[in-house]
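Here is a short report on one protein chain. Look at the sequence and the model first, then read on.

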Amino acid sequence: ASGYFDLGAWQILADGLQSLKEFRLLLGAEPDVRSPHADRTSLSRMYREREGDEMGERPDPDELWRLNLEEQPLDPEHWALADALIEFLKRDSVDIRLLRDPFLHAKAYLFPHHSVVGSSNFTKAGLTTNAELDLVSSQQAVARELLEWYDTFWAQANPFKDKLLQVLEQSKY
């Protein structure tokens with residue numbers, strides 16, 4: 001479960017994720033599939049200027065996501081990342097849901113024998129450069145409680161895998 005996901009997280013973890021038998025991703029905001037090197041500040045500013053939003057309201061995720069993709073250079077590295085992500089998402093064992101209300105701000109990474117809960121979003125910056133704090137637990141009782149929490153929000157979320165595939169496949173990548 002993560003507030004955000006971006007192509008940079010896929011870049012870092014693709015090898016490990018591809019070896020999983022099953023993968024479920026619960027998101028609080030639509031994935032940011034722009035370049036792992038893009039500047040979020042300039043994107044937010046560009047969106048506000050375009051929409052006249054000086055108060056900093058949360059932009060429409062569909063439009064911002066499309067803008068993120070379109071502003072990036074078309075190069076072999078990002079093309080290959082997008083292609084690999086598309087192939088991964090097409091697996092029957094991969095599912096993605098989007099929880100729009102309430103906004104999912106929590107970050108939890110649940111594995112059969114370990115749980116990670118903290119502040120790290122499923123983004124390149126969240127996993128590598130931000131000052132984040134995460135707690136790793138190997139206690140089965142903790143894992144069960146977290147899975148119950150996760151499943152509660154999973155049931156409330158909307159399917160999102162097809163939308164993500166559509167945006168990726170329609171992008172210049």
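## D151 and its salt bridge

D151 counts as partly exposed, at 33% relative accessibility. Buried means under 20% relative accessible area, exposed over 50%, and partly exposed lies in between (1.4 Å probe, protein chains only). D151 forms a salt bridge with R24, and their closest N and O atoms are 2.8 Å apart. A salt bridge here is a side-chain nitrogen of Lys or Arg within 4 Å of a carboxyl oxygen of Asp or Glu. R24 is partly exposed too, with a relative accessible area of 29%.

This pair links distant parts of the chain. R24 sits in strand β1 and D151 in helix α6 (residues 140–156), 127 residues apart. Helices (H or I, at least four residues) and strands (E, at least two) are DSSP runs, numbered from the N terminus.

## About the model

The model is predicted: local features need pLDDT of at least 70, side-chain atom pairs count only at pLDDT 80 or more, and totals for chains, interfaces and linings use all residues. Residues are numbered from 1 along each chain as its sequence is written, and side-chain values use heavy atoms, with hydrogens and water left out.

The structure holds 3 salt bridges. K90 meets E87 in one of them (4.0 Å, N to O). K90 also forms a salt bridge with E169, where the closest N and O atoms are 3.4 Å apart. E169 lies in helix α7, and K90 in the loop between α4 and β2. They are 79 residues apart, so far as the sequence goes, and link distant parts of the chain. Shared partners join E87, K90 and E169 into one network.

K90 is partly exposed, with a relative accessible area of 45%. E169 counts as partly exposed, at 45% relative accessibility.

## Helix α4

Helix α4 (residues 76–89) has 14 residues. From first C-alpha to last it reaches 20 Å, close to the 20 Å expected at 1.5 Å a residue. The expected span is 1.5 Å times one less than the number of residues.

Which residues of α4 are buried? They are H78, L81, A82, L85, I86, F88 and L89. Seen down the helix axis, they fall within an arc of 160°, so they line one face of α4. The arc is that of the directions from the axis to the C-beta atoms. The face turned away from the buried side carries the exposed residues P76 and E87. Cover for the buried residues includes α1 (7–18), β1 (23–27), β2 (94–98) and α7 (161–170).

## The sheet

An open sheet of 3 strands runs in the order β1-β2-β6, with mixed pairing. Strands pair if DSSP finds at least two bridges between them. β1 and β6 (158–159) stand at the edges with a single partner strand each, so one side of each is left without a neighbour in the sheet. β1 and β2 pair in the parallel sense over 5 bridges. L27 has L98 in β2 as its bridge partner.

## Nonpolar cores

A nonpolar core is a set of buried Ala, Val, Leu, Ile, Met, Phe, Trp, Tyr and Cys residues joined through side-chain atoms within 4.5 Å. The largest has 26 residues, of which F5, W10, L89 and F122 touch the most other members. α1, β1, α4, β2 and α7 each give two or more residues to this core. The most come from α4, with 6 residues. Apart from this core lies another, of 9 residues, among them L99, A108, F153 and A157.

Terms used:
Contact means heavy atoms within 4.5 Å.
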